[in-house]
Amino acid sequence: MTDFPFDIVGFDLDGTLVDTSGDLANALNHALADAGRPPLARDAVRTMIGGGARHMLMQGMASTGGCSEMELDRLYRLLLDHYESHIAVESAPFPGAMDAIDALEARGVKVAVVTNKLEALAEQLLRKLGIRDRFACLVGGDTMGKGFGKPHRAPIDEMIRRCGGGRAAFVGDSIYDTGAARNAGIPSVACSFGFLMQPVEELEADAVIDGYDELLPVLERLGTVAR
């Protein structure tokens, strides 16, 4: 037993635990090329990640001229097929992420992943990276049903339920993450190194980290303040 203030720490996946920008950008550009659109730079794609693959594609198409719903449906399937076949070519955990997981587990904390990525793709990615078994549960963008991805509180509530209950905190890099945590009534930590769609201050997180070496001290401080 330890006196660490949280029983559960949840993590977003893309842009928080794992840098997936290369593989996602390649999948998006594959779909854009099929539509006769120019490729987007990886830095531009990074700001489109967070709301799921279809949202990323919608933004990519909008930035290059827009498209019909029918074309979006076709390109979405094309994007998913390409991504599934190349899901872990360039993707890797952010520096220090797995060390932070080790440190949390050493303190008896259960760790989980809650993402807006489709659950099957998130499962595949974590297994390809060899880290799926490190997490007590995985909740995807489609796990709770249409309309119940982040920033809805349902995925956070499900994470807590699957982990057996207790005090929880959530770590992410987007307004979807901090919004879901806020809606579920738990503290959030924002990663300044993530796929930010806006300045990190605008995420209104309870704390911000610039690297994973800061995570445990920040969580300890948040837990003390909340007590």
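In strand S7, Ala-190 is the bridge partner of Gly-172, and strand S6 (residues 168–172) pairs with S7 in the parallel sense over 3 bridges, where pairing requires that DSSP finds at least two bridges between two strands. Strands here are DSSP runs of E with at least two residues, and helices are runs of H or I with at least four, both numbered from the N terminus. The model is a predicted one, in which local features need pLDDT of at least 70 and side-chain atom pairs count only at pLDDT 80 or more, whereas totals for chains, interfaces and linings use all residues. Residues are numbered from 1 along each chain as its sequence is written, and side-chain values use heavy atoms, with hydrogens and water left out.

- Helix H8 (residues 175–184) is largely enclosed by the rest of the structure, because 7 of its 10 residues are buried.
- The buried residues of H8 are Tyr-176, Asp-177, Thr-178, Gly-179, Ala-180, Ala-181 and Ala-184, and what covers them includes H3, helix H7 (154–162), S6 and S7.

**Gly-60 in helix H3**

- Gly-60 is placed in helix H3 (residues 53–63) and is buried, with a relative accessible area of 0%.
- Leaving aside neighbours within four places in sequence, Gly-60 is in contact with Leu-28, Leu-32, Leu-40 and Met-48, contact meaning heavy atoms within 4.5 Å.
- Gly-60 and Val-139 are 79 residues apart in sequence, and their C-alpha atoms are 25 Å apart in space.

**Aromatic rings**

- A search of the whole structure finds 4 aromatic pairs, a pair being two rings of Phe, Tyr or Trp (its six-membered ring) whose centres lie within 6.5 Å, with planes under 30 degrees apart counted as stacked, over 60 as edge-to-face and the rest as tilted.
- Phe-11 and Tyr-212 form a tilted pair, at 6.4 Å centre to centre and with 45 degrees between the planes.
- Phe-11 lies in strand S1 (residues 8–11) and Tyr-212 in the loop between strand S8 (207–209) and helix H9 (215–226), so this pair ties together parts that are 201 residues apart in sequence.
- Phe-11 counts as buried at 0% relative accessibility, and Tyr-212 is likewise buried, with a relative accessible area of 4%.
- Phe-11 and Tyr-212 belong to one aromatic cluster together with Phe-94, Phe-193 and Phe-195.
- Arg-54 lies over the face of Tyr-76, at 5.4 Å from the ring centre; a charge sits over a ring if NZ of Lys or CZ of Arg is within 6 Å of the ring centre and within 35 degrees of the ring normal.

**Nonpolar cores**

- The largest nonpolar core has 58 residues, of which Phe-11, Leu-17, Leu-104, Tyr-212 and Leu-215 touch the most other members; such a core is a set of buried Ala, Val, Leu, Ile, Met, Phe, Trp, Tyr and Cys residues joined through side-chain atoms within 4.5 Å.
- Apart from this core lies another, of 15 residues, among them Ile-8, Ile-160, Cys-163 and Phe-170.
- Beyond neighbours within four places in sequence, the contacts of Leu-17 include Phe-11, Pro-93, Phe-94, Ile-101 and Tyr-212.

**Salt bridges**

- The structure holds 18 salt bridges, each defined by a side-chain nitrogen of Lys or Arg within 4 Å of a carboxyl oxygen of Asp or Glu.
- Asp-19 forms a salt bridge with Arg-46, the closest N and O atoms being 4.0 Å apart; Asp-19 lies in strand S2 (residues 18–19) and Arg-46 in helix H2 (residues 42–46), so the pair ties together parts that are 27 residues apart in sequence.
- Asp-19 counts as partly exposed at 24% relative accessibility, whereas Arg-46 counts as buried at 18%.
- Arg-77 and Asp-81 form a salt bridge with closest N and O atoms 3.1 Å apart, and both lie in helix H4 (residues 69–85), 4 residues apart, about one turn of the helix.
- The side chains of Asp-102 and Arg-134 meet in a salt bridge (2.4 Å, N to O); Asp-102 lies in helix H5 (residues 97–106) and Arg-134 in the loop between helix H6 (119–128) and strand S5 (137–139), so parts 32 residues apart in sequence are tied together.
- A network of salt bridges links Glu-123, Arg-127, Arg-132 and Asp-133.

How values were computed: Buried < 20%, exposed > 50% of the residue type's maximum accessible area, 1.4 Å probe, protein only.
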